[in-house]
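Welcome! Keep the structure in view as you read.

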Amino acid sequence: MPASRKRSQHDPVRVLLVEDNRADYLFTRALLNAIEEGTYQLDWVSTFAEGARELARGTHDIYLLDYRLDDGNGLDLLKQAIDGGCRKPMILLTAYGDDDIDLQAIRAGAADYMMKGEFDSRLLERAIRYAIGRAETAEALRLSEERYSLAAHGATDAIWDWDLKAKQLYLSPRWKTMFGLSTEDGKMGDASEWFSRVHVADRKAISNAVRRHLKGETPHFEFEFRLRHEEGGYRWVTARGLAVRDRNGWTTRMAGSVTDTTERTVQHHQLRAILASMVEGVVAVDGDARVMHINTVGSEMLGTAGKRIQGQAISTASQLIEADRMLRRTLDEGRSLRSEAFVSVEGSDRVYELRSAPLRPVEDELLPGAVMVMHDITELRRLEQLQREFVANVSHELQTPLAAVLGMVDTLIDDDEMDPAKKQSYLQRIGAQSTRLSTLVSDLLTLSRAESREHRAERRDVDLAQIGADSARMLSPRFKGKQLAFKVVLPDSPLMVEGTEELLRQVVDNLLTNALKYTPEGGQVWLRLQAHNAQALLWLRLQAHNAQALLEVEDTGLGIAPEHQGRIFERFYRVDKARSRAAGGTGLGLAIIKHAVLSLEGHVSVESTPGRGSTFRIRLPLRELSGPHRPAKQVSP
Ligand code: ADP
């Protein structure tokens, strides 16, 4: 089929007549010449064979076919032409007596039929004009449908067209390959089946987007949602579309396309989840220092939580001047920077470490901008400060007895005629200071062990009841010596906890020696050990049941004022330094207890009233009971 050229209004209408009767040809020519509007160029062939050839060439605008031809008939010619792909209009000319041919002609695809001798110029003109008009419209429609079909088949997007009047949803073939959605000829009865495949969580957003568009708030709608695949599982989809309205403004159709964005969306969501889960704050800005992305921690650190700051200049969005300064410098100089910022957050001073870097190209594509990672290092700085103070304290604690020892040794060396009694006293004092030094060093080592990882690795199941009994027995003479009533309440079955014997012994010893040190003569001290919530452990044999060993040391001593209670567990913290020293304390006993107990997932607390006494309580997770637990009873130490 040669490509048909579109006819302009001023071109003559090219008519081909297939007619074996010369008189009829001349008559037709006369009729055409008589038409006033437009010009007609009439060509004439007289046989079926010539007609078929011309129709195959298809260079005329319209064909007039006589029904009765010498070598065939016009109806067959018409059918043959249509089968050959001819889409030009054809009018069948019949003679008197060919009655039922007219209907057959129309069914076969004729544009019209006319009875010879019954039409004049006017009728012929109208028939030709209508036939050509209809054919052009049909051809335009066919081409447009063909274009749509090609586009719909070839597109990577799936196309939909929802005719609200006909209640018909048309889906392009891509729906089948993309979502396994099969339809009958691309049609679906209505949109409800389609909608039932949309993820429940996304349905509202879709309705909202469409509603906004229908209200005229948006030129088209666009939304992201999840669509269930025929074979299960959801695909992420971005849909775009618009509504078509009729002259009265009623929406009659909605159409658009959907793109499968699963891979991109999943990646995007993964990236967002990763950023949102980071303990560091992350903020990324574009080349103009406008916020592209900020994670949750970043928003909290920059004081912008709950606000949408995307697209805003970082300087206006946040109070943290240092962040803005660094990001701008990174953008200007194209290099990584590090800095610290001091911020007051809800009344507490915090230190942030800020690190910025220019964005790196991804797959050769450079996105201008910079990223900043913010790390709250307040705790780190606090620990560093504690470390410094600790070193200073240790040096000081060592210095004092050492200076005393050195001083006395010098005196002894210089004065070789020293009175023996005085000499003896000097040597005793040197001995006492050396013991103090040794105790201090030993406590420091114990503290360091309590904090170390090796100690964790050495943990075994240990019987705390046994340790309590041993400690009580060892210290009992000292209680007697200070006229203190010492009462010990122990369970008569083992109390197994996980730990190292050495550290646990130290814990019990430290508590008892403190009670001994800080309870004046005539007072009273209790050591109590018992299982707590042990029944659950016994029946269910599960550790998760909060079964604990509870160790209590209570005294009727000096007590500790509330303002000191929170600090006595710090290293070298003493309520009364002189008293502690005089009693041989190093100020490390409770710090050792705290670290040892914490490392065993335990808990330590104090309850105290100045002038009345103190109770220290330690709870440690209980491992197992060897048999039914019997209540603790008092024993003699
Ligand atoms: P120290 O060697 O000074 O006893 P600790 O770390 O054992 O060091 O205790 C810290 C401080 O807590 C003590 O100096 C003392 O002021 C206070 N303290 C500890 N135990 C008691 C207690 N049982 N009664 C009163 N004060 C106590």
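## Strands, sheets and a ligand

Trp162 has Leu169, in β9, as its bridge partner. Keep in mind that this model is predicted. The two strands behind that bridge are β8 and β9 (residues 168–171), which pair in the antiparallel sense over four bridges. They form a hairpin with four residues between the strands, and in this hairpin Lys167 takes a positive phi near 50°.

Now look at the other pairing of β8. Strand β8 (residues 158–163) also pairs with strand β13 (residues 251–260), again in the antiparallel sense, and here there are six bridges. You can find some of the facing residues yourself: Asp163 stands opposite Arg253 in β13, and Trp160 stands opposite Gly256 in β13.

Where do these strands belong? They are part of an open sheet of six strands, in the order β10-β9-β8-β13-β12-β11, with antiparallel pairing. At the edges stand β10 (187–188) and β11 (221–228); each has a single partner strand, so one side of each is left without a neighbour in the sheet.

A further open sheet is built from five strands in the order β15-β14-β18-β17-β16, and its pairing is antiparallel. Its edge strands are β15 (291–294) and β16 (337–345), each of which pairs on one side only. From one strand to the next, the twist averages 25°. At one end of this order, strand β14 (residues 281–286) and β15 run antiparallel and are joined by three bridges.

Let us step back to the whole chain. The domain assignment gives domain 1 (13–138), domain 2 (154–264), domain 3 (278–376), domain 4 (381–451) and domain 5 (456–635). How far apart do the C-alpha centres of domain 2 and domain 4 lie? The distance is 84 Å.

Next comes the ligand. Around the ligand there are 19 residues, and those that come nearest are Asn514, Tyr518, Ser580, Gly587 and Leu590. By class, this shell has eight nonpolar, eight polar and three charged residues.

| Residue | Protein atom | Distance to a ligand oxygen atom |
|---|---|---|
| Ser580 | polar side-chain atom | 2.7 Å |
| Lys517 | side-chain N or O atom | 2.9 Å |
| Gly589 | backbone N or O atom | 3.3 Å |

How much of the ligand does the protein bury? Taken alone, the ligand exposes 520 Å², and the protein buries 97% of that. The elements that give two or more residues to the shell around the ligand are α17 (501–517), α21 (589–599) and β25 (613–621).

Terms used: Residues numbered from 1 in each chain as written. Predicted model: local features only at pLDDT ≥ 70, side-chain atom pairs only at ≥ 80, totals over all residues. Heavy atoms only, no water. Near = heavy atom within 4 Å. Polar contact = N/O pair within 3.5 Å; in protein donor to acceptor, adjacent residues only side chain to side chain. Areas by Shrake-Rupley, 256 points an atom, 1.4 Å probe, with all protein chains shown as cover. Nonpolar A, V, L, I, M, F, W, Y, C, P; charged D, E, K, R; others polar. Domains from an automatic or database assignment. Pairing = 2+ DSSP bridges. Axes fitted to C-alpha atoms, helices over the stretch in contact; angles between N-to-C directions.
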